[in-house]
Amino acid sequence: MTFKQKLSNQMSQAIKANSTTKEREGVAAHHEISIHTLNSVINMQRNVTEDNSKALTELIGICVKNAYDTATSLVNYSWE
């Protein structure tokens, strides 16, 4: 699979709003990537790649669960 793009602004905002630093650190450690790499992808400073996609997928799953648990809609982010 080929990845060439950065996350969208909306996805970046949704991840930041629905995950904690501790959760992001745990995901990075679980997938053996640097927290700095994961944060750079989340902050749209680095592209999504094969190496970080599994961590990102797990983190998005955590965000969806967190949003569900707090009755937060994931459609309330700026779509500009």
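This is a predicted model: local features need pLDDT of at least 70, side-chain atom pairs count only at pLDDT 80 or more; totals for chains, interfaces and linings use all residues.
Contact here means heavy atoms within 4.5 Å. Helix α3 spans residues 35-42, and the cover over its buried residues includes α1 (9-17), α2 (21-30) and α4 (50-69).

**Helix α3 and its ends**

- T37, L38, S40, V41 and I42 are the buried residues of α3.
- Where α3 starts, the backbone nitrogen of H36 has a side-chain oxygen of S34 within 2.9 Å.
- Just past α3, M44 adopts a positive phi of about 65°.

**S40**

- S40 belongs to helix α3.
- S40 counts as buried because its relative accessibility is 16%, and the cut-off for buried is under 20%.
- A polar atom of the S40 side chain lies 2.9 Å from the backbone oxygen of H36.
- With neighbours within four places in sequence set aside, S40 contacts Q45 and R46.

**The largest nonpolar core**

- This core holds 13 residues, of which L7, I15, L38, L56 and L59 touch the most other members.
- Two or more core residues come from each of α2, α3 and α4.
- Helix α4 contributes the most, with four residues.
- In soluble globular proteins, nonpolar side chains tend to be buried together.

**L59**

- L59 is one of the core residues that touch the most other members.
- Not counting residues up to four places away in sequence, L59 touches I15, S19, R24, V27, L38 and I42.

Conventions: Residues are numbered from 1 along each chain as its sequence is written. Side-chain values use heavy atoms; hydrogens and water are left out. Buried means under 20% relative accessible area, exposed over 50%, partly exposed in between (1.4 Å probe, protein chains only). A polar contact is a pair of N or O atoms within 3.5 Å; within protein, one must be able to donate a hydrogen and the other to accept it, and residues adjacent in sequence count only if both atoms are side-chain atoms. A nonpolar core is a set of buried Ala, Val, Leu, Ile, Met, Phe, Trp, Tyr and Cys residues joined through side-chain atoms within 4.5 Å.
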